[in-house]
Amino acid sequence: MTRAAATGAPRIVERLAAGTALLGGTLLTAIMLMSVVSIAMRALGFEPIQGDFELVQVGLAACIALLLPWCQLQGGNIVAEFFTAGVREKVRHRLDVFGAALVALVMALVAWRTGVGAVAIKANGEVTMILGFPIWIGYALMTPGLALTALVAVFNAAAAWRRA
């Protein structure tokens, strides 16, 4: 049984997490290629890509949020097993329930506030300094990944509850 299947998450949630991970990886690759081109242009004495650091900031924020659901589904987040190595398995599963529920709560709050922030920033018309890129787009790209991470963490908590 795969780590993802052990979470008890429905197949659609697994597919959404895989899709956001692929999207995040594609975005990360595009950011990397743009950075390499910009740095090479600068090193060769040409004008670098204008606003490259702005695009890196917005892109990486979205990329991280898109990769989080897959990480949560695979159990790839940091676990402080040093402190729980000597406890009974049932106690460890109860701690897993608490940890996953806490992740679900925090990610739901962050997703909600990120979505609210996107709406507010769009209404204010905030843009980046060099490119004039609308900042709300970065927030909007982050929100689905954060919400999906919360959903995956709910399934993690439920699976840990069943094991406890």
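Visitor: Before we look at the helices, what does the angle between two axes run over?

Guide: Axes are lines fitted to C-alpha atoms, and the angle between their N-to-C directions runs from 0 to 180 degrees. Keep in mind that this is a predicted model.

Visitor: Okay, at what angle do helix H4 and helix H5 cross, and how many Å apart do their axes come?

Guide: Take H4 as residues 89-124 and H5 as residues 136-163. Their axes come within 7 Å and cross at roughly 160 degrees. Angles over 145 degrees count as roughly antiparallel, so H4 is roughly antiparallel to H5. The crossing of H4 and H5 is left-handed, too.

Visitor: Which classes of residue make up the contact of H4 with H5?

Guide: That contact divides into 23 nonpolar, seven polar and three charged residues.

Visitor: Now for another pair: how do H1 and H2 pack?

Guide: Here H2 covers residues 52-73, and it packs against H1 at an angle of about 155 degrees, with the axes 8 Å apart. That makes H1 roughly antiparallel to H2. Their crossing is left-handed, and the contact has 18 nonpolar, six polar and three charged residues.

Visitor: Let's pick a residue. Where does Asp52 lie, in which helix?

Guide: Asp52 lies in helix H2. Under 20% relative accessible area means buried, so Asp52, with 13%, is buried. Now look across the chain: Leu131 is 79 residues away from Asp52 in sequence, yet their C-alpha atoms are separated by 9.0 Å.

Visitor: What about cysteines? What is a disulfide?

Guide: A disulfide is a covalent bond between the sulfur atoms of two cysteines. This structure holds zero disulfides. Cys63 is in no disulfide, and its nearest cysteine sulfur, that of Cys71, is 12 Å away. The sulfurs would have to be within 2.5 Å, so the 12 Å between Cys71 and Cys63 is too far for a bond.

Visitor: Is Cys63 buried or exposed? And how exposed is Cys71?

Guide: Cys63 counts as buried, because its relative accessibility is 2%. Cys71 is partly exposed, at a relative accessible area of 25%.

Note on methods: Residues numbered from 1 in each chain as written. Predicted model: local features only at pLDDT ≥ 70, side-chain atom pairs only at ≥ 80, totals over all residues. Heavy atoms only, no water. Helix = DSSP H or I, 4+ residues; strand = E, 2+ residues; numbered from the N terminus. Parallel < 35°, antiparallel > 145°, perpendicular 65-115°, else oblique. Left-handed = near helix turned anticlockwise from the far one by under 90°. Nonpolar A, V, L, I, M, F, W, Y, C, P; charged D, E, K, R; others polar. Buried < 20%, exposed > 50% of the residue type's maximum accessible area, 1.4 Å probe, protein only.
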